Amino acid sequence: MTALALDNVEMVFGGLRAVGGVSLEVPSRSIFGLIGPNGAGKTTVFNCVTGVYTPTGGRITFEGERIDGLPAFKVAARGIARTFQNIRLFGQMSVLENVLVAAHRARKTGLWDALLRTRRYHDDERSMRARALELLAIFKLDDQEGARASSLPYGDQRRLEIARALMLAPRMLLLDEPAAGMNSSEASVLKGQLHELRDRFKLTIVLVEHNMQVVMNVCELVHVMDRGETIAHGTPEAVQRDPKVLEAYLGAGGTRAPEPAPDTTEPGEVLLSVKGLAVRYGGIQAVRGLDLEVRRGELVALIGANGAGKTSTLKAIARVLPWAAGDVTFEGRSLARTPAHELVSLGVALSPEGRAIFPNLTVEENLELGAYTVRDPSARRRAMEEVIALFPRLGERRAQLGGTLSGGEQQMLAIARALMSRPRLLLLDEPSLGIAPVLVDQIFEAIARIRAQGTTILLVEQNTRRALAAAQRAYVIVTGEIALSGTARELAEDPRVQGAYLGH
Ligand SMILES: Nc1ncnc2c1ncn2[C@@H]1O[C@H](COP(=O)(O)OP(=O)(O)OP(=O)(O)O)[C@@H](O)[C@H]1O
Ligand SMILES: [Mg+2]
């Protein structure tokens, strides 16, 4: 039986055909993959199915009934739940509360029961709580029920979003890049969990994902889009060999495992020095006495599992998070009294994890803001030309609102914006997150070019293999402390690194 069917669905924004007549059928209880390059139209398909957009053409049926054009809440009521590419949790609420907010649809009681606190209300309340905790337990988040959602590492936030979607008791679950930001061992855990969820909750799952390990292992059927159109469809094995898919999407990145390049450049003097840095979230110590050093001209990678403290370290260096202890110096001067906004004029820029671009400003305005410290208009123009040469897609979309860019396009914008101030030190958090395999190659080529132009880089990356191939030196962070350090080549060959992060 077919759960979801798209018949010639089209979505046009202004002059752009984001989806140009896509037809597909998702069998009931299957795990179905929707893949394609950045900007192919995958998230737009999800938005058309879930009622965020009314398609400009075609029809969508769920379990035999038309759903295109229904408002989002009605689509949810039919039994379709989703997660978002950019995490949408209530950051200030607890883990448990984030799941419980989705409970209203599953409740049996009404307003009167709530106002009068009837017995039925209390029973309902208890059963909702039990269900929420059961869902959290599947993702091993039940021991964190009281933690603030924003304090969870990225991978856990993604799992929490899935738990919240399941609280709606859906029959169909649409997941937009659930494995983004997970390392290879976490991604393997997720693979198992998707099967478990499908069987336990009798779900049909549609998965948009750039992690090919996950797609090829869990999906029974795969549909491939490029520029709004279908370019291939079939079993994972067939799709993987299709020359059109190789060219448009997989590139060489899927098969080639780059070796760390021998590096001949002489590192300069110490540019950034971190000593005894500590960061706390409430009672939790995320970074505990961390030491590291970056020399002028180097590309240094900071690698480690989800939640090890990589992003917290970068944010603390960028003064976005307060330090509980320790010191950071840049060009020999302590940053202890430097507010975040002054760091850019000193020559330090951060490209944050999860993009954090300005959604209501255009691409061009986002880039201009990155260059607010550059006074000379001709220097600003040159910087703009340089970043557009690095990411041509941004040049095509100068007037588009940041918030409407695809996930991968937003990632390009975040990196480009950080480069607009022409920093001497670039802090790059997960640049390959949400990037299609063929583009990951291009992003790392761009990083190499940025470095060749004289920018020193501290790189945080879940893709350990790529990070070690690009870097000269690296640090491995384990529960907020540096556990190993050395040249990238040494670490790539270290059995401890291979076992924990390279999936050997
Ligand atoms: N509201 C909108 N207005 C204008 N353009 C849009 C809008 N929404 C999406 N687009 C454009 O449509 C194209 C498809 O976007 P979509 O988000 O569906 O891509 P995607 O396949 O999910 O890509 P990614 O893998 O990078 O997330 C993109 O080029 C995007 O910039
Ligand atoms: Mg997307």
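In strand S18 of this predicted model, Ile-457 is the bridge partner of Leu-299, a residue of strand S13 (residues 299–303). Helices (H or I, at least four residues) and strands (E, at least two) are DSSP runs, numbered from the N terminus, and two strands pair if DSSP finds at least two bridges between them. Strands S13 and S18 (residues 456–460) run parallel and are joined by four bridges. Four bridges also join S13 to strand S19 (residues 473–478), again in the parallel sense, and in S19 the bridge partner of Val-300 is Arg-473. Strands of a sheet pair through backbone hydrogen bonds, either parallel or antiparallel.

Because the model is predicted, local features require pLDDT of at least 70 and side-chain atom pairs count only at pLDDT 80 or more, whereas totals for chains, interfaces and linings use all residues. Residues are numbered from 1 along each chain as its sequence is written, while chains are lettered from A and ligands numbered from 1 in the order in which they are written.

Strand S13 is mostly covered, with five of its five residues buried. A residue is termed buried if 20 or more other C-beta atoms lie within 10 Å of its own, exposed if 12 or fewer, and partly exposed in between, with C-beta atoms placed from the backbone. Leu-299, Ala-301 and Ile-303 point one way from S13, Val-300 and Leu-302 point the other way, and all are buried. Helix H11 (residues 310–317) is likewise mostly covered, since eight of its eight residues are buried; among them are Lys-310, Leu-314 and Ile-317. Just after H11, Arg-319 takes a positive phi of about 65°.

Antiparallel pairing is found in an open sheet of four strands with the order S2-S1-S4-S5. S2 and strand S5 (65–66) stand at the edges of this sheet, each with a single partner strand, so one side of each is left without a neighbour in the sheet. Strand S1 (residues 2–13) is joined to S2 by nine bridges, and the two run antiparallel; Val-26 in S2 is the bridge partner of Leu-4. The hairpin of S1 and S2 has two residues between the strands, and Gly-14 there takes a positive phi near 55°. S1 also pairs with strand S4 (residues 57–62) in the antiparallel sense over five bridges, with Arg-59 in S4 as the bridge partner of Asp-7.

Another open sheet of four strands has the order S12-S11-S14-S15, with antiparallel pairing. Its edges are strand S12 (284–295) and strand S15 (333–334), each with a single partner strand, so one side of each is left without a neighbour in the sheet. Strand S14 (residues 325–330) runs antiparallel to S15 and is joined to S15 by two bridges. In S15, Ser-334 is the bridge partner of Thr-329.

Helix H17 (residues 437–452) contains 16 residues and should span 22 Å at 1.5 Å a residue; its end C-alpha atoms are 23 Å apart, which agrees. The expected span of a helix is 1.5 Å times one less than its number of residues. The buried residues of H17 include Leu-439, Val-440, Ile-443, Phe-444 and Ile-447. Gly-454, which follows H17, has a positive phi near 105°.

Ligand 1 is surrounded by 19 residues, of which the closest are Asn-38, Thr-43, Ser-406, Gly-407 and Gly-408. A residue is counted as near a molecule if its C-beta atom, placed from the backbone, lies within 6 Å of it. Strand S2 (16–27), helix H1 (42–49) and helix H16 (407–419) each give two or more residues to this shell. The shell divides into five nonpolar, twelve polar and two charged residues; Ala, Val, Leu, Ile, Met, Phe, Trp, Tyr, Cys and Pro count as nonpolar, Asp, Glu, Lys and Arg as charged, and the others, Gly among them, as polar.

For the chain as a whole, 20 helices and 20 strands are found. Buried residues make up 48% of the 504 residues, and the C-alpha trace spans about 65 × 55 × 45 Å along its principal axes.
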